Amino acid sequence: MKYKWNYQPPTAEEEACAETLAMETNVSLVTARLLVARGIRTADEAKVFFRPQLQGLHDPFLMKDMDKAVERLNEAMGQRERIMVYGDYDVDGCTAVALVYRFITQFYSNVECYIPDRTEEGYGVSIKGVDYAAEHGVKLVIVLDCGIKAVDEVQYAKDKGIDFIICDHHVPDEQLPPAVAILNAKRVDNTYPYLDLSGCGVGFKFMQAFTISNGIPFSTLIPLLDLCAVSIASDIVPIMGENRILAYHGLRQLSNNPSVGIKAVIDVCGLSGKDITMSDIIFKIGPRLNASGRILNGKESVDLLVERDYKKAVEKAGWINFYNEERKELDKRMTEEAINLVAQQLPQMDEKDAIVIYNADWHKGVIGIVASRLTEEFFRPAVVLTLDGDIVTGSARSVSGFDVYRAIQTCEDLLDNFGGHTYAAGLSMKLENVEEFRSRFEKYVHENINPEQTLPNLDIHAVIGFKDITQKLRSELKYMRPYGPDNPKPLFCTHQVYDYGTSKVVGRQQEHIKLELVDNKSNIVMNGIAFGQSSEARYIKTKHSFDIVYSVEENSRKHGEAQLQIEDIRTHEQE
């Protein structure tokens with residue numbers, strides 16, 4: 001695959017700012033440029049960025065309704081009311097429920113968890129869930145990572161004498177549910193300075209406010225930070241501001257002292273004894289926790305995350321791992337079917353900027369993953385639909401910079417329900433509305449997407465030479481972690497590099513290239529690996545120069561040595 005390379009050189013003003021920042025902070029000029037591009041322009045801002053401190057978290061009472069939420073929780077505990085902690089069945093929802101449940105049960109025992117069944121109840125607050133709460137004497141429901149659109153369901157609960165506190169981060173409608181308190185920084189009347197918390201992050205802020213209200217030390221919250229990190233990585237929210245603080249300290253907790261349930265998952269993933277990264281969460285920990293909700297019921301993931309006995313946790317983690325293997329088989333089969341379905345439309349794909357596909361037989365627990373795969377394969381917003389009873393349900397995923405939630409919202413008169421955020425959304429509709437939805441969704445995307453967003457792109461953050469890849473730069477790049485949205489892993493470009501003479505094709509199918517390279521400005525030899533790019537090997541061995549885009553990694557086999565992970569190679573024949 002050949003990418004379009006995007007590079008915006010720093011302006012004269014940005015370069016001057018970077019030079020000043022490098023001098024004041026003693027970082028390399030390359031790192032200073034990366035910081036300025038992220039909006040970090042002063043030495044104080046750089047210090048906060050490099051060393052996120054828990055003291056930098058905002059006052060939770062700045063959030064609209066936080067005082068009401070804490071007051072109602074205190075009242076419920078004081079009157080010995082039964083409390084239900086209710087959440088979505090994905091990773092963010094399950095970690096949020098586990099966090100709030102684990103924290104409250106340190107001080108109060110009359111509390112239980114509830115995760116709706118994906119098949120029987122669907123997304124969000126369900127009538128079945130409210131009926132269950134009423135039958136079991138629940139007087140207060142704390143709902144996490146969903147509920148912002150549950151107007152009728154919360155009114156139904158209110159009529160039964162059940163109060164709701166909603167902790168959500170999805171975009172609300174104009175009408176809010178009749179809850180006692182709604183904690184959501186995306187409210188129109190928001191008063192909170194940070195808008196991009198995960199659902200678990202909102203739950204953390206609620207518990208932080210509870211500690212302040214009751215004179216409980218903040219340190220009681222620190223063991224829960226591993227759950228915050230898992231949710232932030234899995235829900236693909238921005239890794240700046242408050243999320244960066246929570247993710248930074250959450251990763252430290254994951255690596256050094258994870259909770260029992262998370263430790264069992266880490267062991268099952270084969271990650272024991274290593275520093276856990278956001279990529280480890282995205283590709284190993286998160287999918288296993290998600291698999292329970294996709295294949296059976298997310299309650300099993302919550303049970304694992306709140307487990308205190310390691311032996312029992314290992315047994316539960318084994319089941320979660322089993323569900324993940326089943327999920328992968330479903331994922332593989334459905335993705336192949338979906339790609340084939342889209343491939344049949346390839347002659348028309350050049351005229352379309354979106355994908356909307358429907359198959360009544362697909363498992364609805366995996367359609368979100370399939371939508372992600374289609375977006376990665378075809379570089380277009382994708383909506384994957386399947387039949388659930390007599391209702392069509394779907395998941396949408398988007399390309400960088402395009403708001404798929406807004407695109408779906410323009411079709412809301414065709415939908416029974418929808419929710420989500422910029423890059424991921426869910427929806428449901430009647431079968432007879434599918435074709436009209438497809439037509440209008442595709443039309444909106446066509447009229448509003450930037451054509452470059454439907455092409456494979458690489459955003460280059462700096463053009464450097466091999467002499468710039470010093471131990472100092474590599475150390476500074478470590479301080480820039482954790483990476484994620486709004487703080488991507490830096491991609492570098494070096495022009496006119498040459499094979500040192502020892503590069504070779506490797507891999508079971510000879511699909512990769514192991515490289516030793518030099519550039520035209522130094523005698524430094526750099527090791528690199530180019531996955532899936534063996535087609536370029538013949539040109540590389542001609543001794544002609546070429547350009548590369550790469551990230552700087554640690555060589556796993558030679559500790560302390562840099563290795564370039566090469567994302568793309570551009571030969572001068574291709575120019």
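Q: In this predicted model, does S126 count as buried or exposed?
A: Buried means under 20% relative accessible area. S126 has 6% relative accessibility, so S126 counts as buried.

Q: Which residues is S126 in contact with, leaving aside neighbours within four places in sequence?
A: S126 lies in the loop between β3 (111-114) and α6 (127-135). Leaving aside neighbours within four places in sequence, the contacts of S126 are Y86, E121 and E153.

Q: Which residues have the most contacts inside the largest nonpolar core?
A: This core has 80 residues. Its largest share, nine residues, comes from helix α5 (residues 91-104). The residues with the most contacts inside the core are L73, I142, F206, I281 and I285.

Q: How many residues does the second, separate core have?
A: This core includes A22, V30, L517 and Y539. Its residue count is 41.

Q: How are α4 and α8 oriented to each other?
A: The axes of helix α4 (residues 66-78) and helix α8 (residues 199-214) come within 10 Å. They cross at roughly 65 degrees. Angles of 65 to 115 degrees count as roughly perpendicular. The two helices, α4 and α8, are therefore roughly perpendicular.

Q: How do the residues of the contact of α4 with α8 divide into nonpolar, polar and charged?
A: On the α4 side, the contact is made by residues including L73 and M77. On the α8 side, F206 and F210 are among them. The contact divides into nine nonpolar, three polar and one charged.

Q: Is K158 buried or partly exposed?
A: K158 sits in helix α7 (residues 151-159). K158 has a relative accessible area of 45%, so K158 is partly exposed.

Q: Which peptide bond is cis, with omega near 5 degrees?
A: Most peptide bonds are trans. The cis bond runs from R481 to P482.

Q: What is the phi of I236?
A: Most residues other than glycine have a negative phi. I236 is in the loop between α9 (225-234) and α10 (241-256). At 55% relative accessibility, I236 counts as exposed. Its phi is positive, near 55 degrees.

Q: Is F379 buried or exposed?
A: F379 is in the loop between α16 (367-378) and β8 (382-388). It is not a glycine, yet F379 has a positive phi of about 55 degrees. With a relative accessible area of 18%, F379 is buried.

Terms used. Residues are numbered from 1 along each chain as its sequence is written. This is a predicted model: local features need pLDDT of at least 70, side-chain atom pairs count only at pLDDT 80 or more; totals for chains, interfaces and linings use all residues. Side-chain values use heavy atoms; hydrogens and water are left out. A nonpolar core is a set of buried Ala, Val, Leu, Ile, Met, Phe, Trp, Tyr and Cys residues joined through side-chain atoms within 4.5 Å. Buried means under 20% relative accessible area, exposed over 50%, partly exposed in between (1.4 Å probe, protein chains only). Helices (H or I, at least four residues) and strands (E, at least two) are DSSP runs, numbered from the N terminus. Axes are lines fitted to C-alpha atoms, for helices over the stretch in contact, and angles run from 0 to 180 degrees between N-to-C directions. Angles under 35 degrees count as roughly parallel, over 145 as roughly antiparallel, 65 to 115 as roughly perpendicular and the rest as oblique. Contact means heavy atoms within 4.5 Å. Ala, Val, Leu, Ile, Met, Phe, Trp, Tyr, Cys and Pro count as nonpolar, Asp, Glu, Lys and Arg as charged, and the others, Gly among them, as polar.
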